[in-house]
Amino acid sequence: MIEIQNIHKSFGTNEVLKGIDAIFDPGKVSLIIGGSGSGKSTLLKCIVGLHAPNQGKVFFDKQEFTAMDFEEKVPIRKEIGMLFQNSALFDSMTVEQNIIFALDMFSEMSKSEKRDRANFCLERVNLHNTNKLYPAELSGGMKKRVGIARAISMSPKYLFCDEPNSGLDPATSILIDELILELTQEYDCTTIVVTHDMNSVMGIGEYIMFLHKGQKFWEGSNTDMLSSEVMELNDFVFASPLMKAARDTMK
Amino acid sequence: MIFYYFGEYLLLLKKVFKRPEKWRIYWRETMHEMSDIGIGSLGLIIIISTFIGAVMTMQIAFQLDSDFIPNSIIGQINRDSNILELGPTISALVLMGKVGSSISSQIGSMRVTEQIDALEIMGINAAGYLILPKIIAGIVMVPVLVIIAICCALIGGMLGGILTGAVSQTDYILGIQAGFNGFTIAVAMVKAFVYGFIITSIPAYKGFYVRGGALEVGQAGTRAVVIGCITILASDYLITALML
């Protein structure tokens with residue numbers, strides 16, 4: 001479980017996050033949604049420790065992450081898997097080397113065990129015969145899947161995804177969403193996904209937090225969203241005629 | 001403002017010199033960097049220093065064209081100039097352009113594509129993993145390259161002298177042997193060691209803290225080379241003043 005309390009973050013005079021509280025449960029896919037500039041990626045970076053919040057606390061299973069120094073955070077970080085918006089694969093390494101990198105650093109596994117683990121992770125994301133390829137030789141969807149394979153290589157307890165669907169075609173997007181949902185249930189991990197993809201929201205949003213201008217405006221499930229009266233949320237989610245029609249039909 | 005950047009640079013170095021997560025991986029990276037910095041720059045250093053040596057011989061011969069000065073002095077001046085100044089400093093300035101800009105753009109592009117964030121998320125000390133092997137490779141390989149540069153400059157000086165008739169081979173060899181003071185080599189090695197640190201750490205710092213995109217990565221590379229060259233010249237002055 002991850003709990004955040006009263007998170008504030010400013011860059012200079014620009015206050016991006018204005019006191020966010022939330023609890024993210026294990027075994028569930030939690031989504032942070034909001035328009036561009038609403039602070040959702042900043043919030044994710046505050047949670048994983050890439051940004052230090054100006055105020056507020058982050059707890060990973062009751063341990064105060066924000067109060068720890070770099071060395072103290074390492075055991076928790078080993079349990080974190082993260083998929084970045086642009087995959088952030090290491091350019092100078094092959095797909096296999098990308099996946100076994102964390103194992104190389106932190107485990108005492110033999111070479112063959114690490115290779116087996118890489119093959120298992122790649123098979124889990126439906127990638128075959130890509131072990132020796134470099135990231136530059138992969139398509140956008142394949143990069144995302146390698147990113148997920150790398151994220152699960154250490155069997156994470158916490159999984160974070162920053163806009164996993166950006167730049168993908170709708171079919172691949174759905175595959176990635178399904179994969180995130182399956183992995184969350186398989187590893188019983190606490191998964192937080194930052195997205196503004198409405199297919200993801202409707203498809204895998206078990207808990208959704210809507211950010212607007214750095215504040216939490218709404219929280220609930222994807223079914224709760226259909227009956228929400230919050231104007232800002234409705235303006236964001238049902239902006240397109242297609243989504244409006246879908247809501248009316250589902251109602 | 002300069003103190004802010006200097007403080008940030010020192011804090012980065014503090015992170016760099018933390019205990020590595022796994023020595024074996026750092027060792028592998030260091031070997032890889034040594035090959036990149038050392039073998040990768042060897043051809044350029046040989047060509048530049050050979051020509052500098054040849055040109056030095058011709059210019060010294062031109063300036064000391066007198067019946068009262070023995071020709072062997074050409075070799076002697078060429079030797080001391082190359083060991084004390086041209087070998088270490090010109091090599092360092094050339095390496096700053098080649099190696100420095102490469103380090104800055106490599107680390108900078110890793111920063112803007114979130115690869116450094118990915119390392120930190122995994123619990124890896126990104127500064128240590130990315131920069132420490134480069135610094136070790138720099139302080140080991142730059143002195144090696146400087147020794148090679150000095151040798152090539154002396155050989156180039158002899159070739160230049162023979163080809164133009166400025167000095168005979170016998171006089172030149174007599175000159176480079178006469179009055180040799182081994183301390184000059186020590187000064188050259190101290191300079192090379194310090195330059196090796198500057199050539200790797202300043203571009204790594206500029207790349208590590210770059211913000212933005214491809215344009216900023218390029219700008220960081222340019223700034224790293226400019227700041228690095230000025231720092232090399234300032235430390236050249238300081239080491240010379242302290243040691244000679």
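1. In α3(A), the buried residues are A:Val95, A:Glu96, A:Asn98, A:Ile99, A:Ile100, A:Phe101 and A:Ala102; a residue is called buried if 20 or more other C-beta atoms lie within 10 Å of its own, exposed if 12 or fewer, and partly exposed in between, with C-beta atoms placed from the backbone.

2. This is a predicted model, in which local features need pLDDT of at least 70 and side-chain atom pairs count only at pLDDT 80 or more, while totals for chains, interfaces and linings use all residues. Residues are numbered from 1 along each chain as its sequence is written, and chains are lettered from A and ligands numbered from 1 in the order in which they are written.

3. Helix α3 (residues 95-106) of chain A packs on helix α5 (residues 140-152) of chain A at an angle of about 25°, and their axes are 8 Å apart; axes are lines fitted to C-alpha atoms, for helices over the stretch in contact, and angles run from 0 to 180 degrees between N-to-C directions. The two helices, α3(A) and α5(A), are therefore roughly parallel to each other, given that angles under 35 degrees count as roughly parallel, over 145 as roughly antiparallel, 65 to 115 as roughly perpendicular and the rest as oblique.

4. At this contact, A:Val95, A:Asn98 and A:Ile99 of α3(A) meet A:Val146, A:Ala149 and A:Arg150 of α5(A), two residues being in contact if their C-beta atoms, placed from the backbone, lie within 7 Å. The residues of the contact divide into 4 nonpolar, 1 polar and 1 charged, with Ala, Val, Leu, Ile, Met, Phe, Trp, Tyr, Cys and Pro counted as nonpolar, Asp, Glu, Lys and Arg as charged, and the others, Gly among them, as polar.

5. Helix α5(A) also lies across β6 and β7 of chain A, running at about 175° to β6(A). Those strands belong to an open sheet of 6 strands in chain A, ordered β6-β7-β8-β3-β9-β10 with mixed pairing, where two strands pair if DSSP finds at least two bridges between them. The edge strands, each pairing on one side only, are β6 (80-83) and β10 (215-220) of chain A, and the twist averages 15° from one strand to the next. Strand β6(A) runs parallel to β7 (residues 158-162) of chain A and is joined to it by 4 bridges, with A:Cys161 in β7(A) as the bridge partner of A:Leu83.

6. Elsewhere in chain A, strands β1 (residues 2-11) and β2 (residues 14-24) run antiparallel and are joined by 8 bridges; in β2(A), A:Ala22 is the bridge partner of A:Ile4 and A:Ile20 that of A:Ile7. Their hairpin has 2 residues between the strands, and A:Gly12 takes a positive phi near 65° there. Strand β1(A) also pairs in the antiparallel sense with β4 (residues 55-60) of chain A over 5 bridges, including one between A:Gln5 and A:Lys57.

7. Chain B has 8 helices and 0 strands, and buried residues make up 45% of its 244 residues. On the side of chain B that touches chain A, 13 residues of chain B are in contact with 15 residues of chain A, and helix α4 (residues 115-121) of chain B gives the most to that side, with 5 residues.
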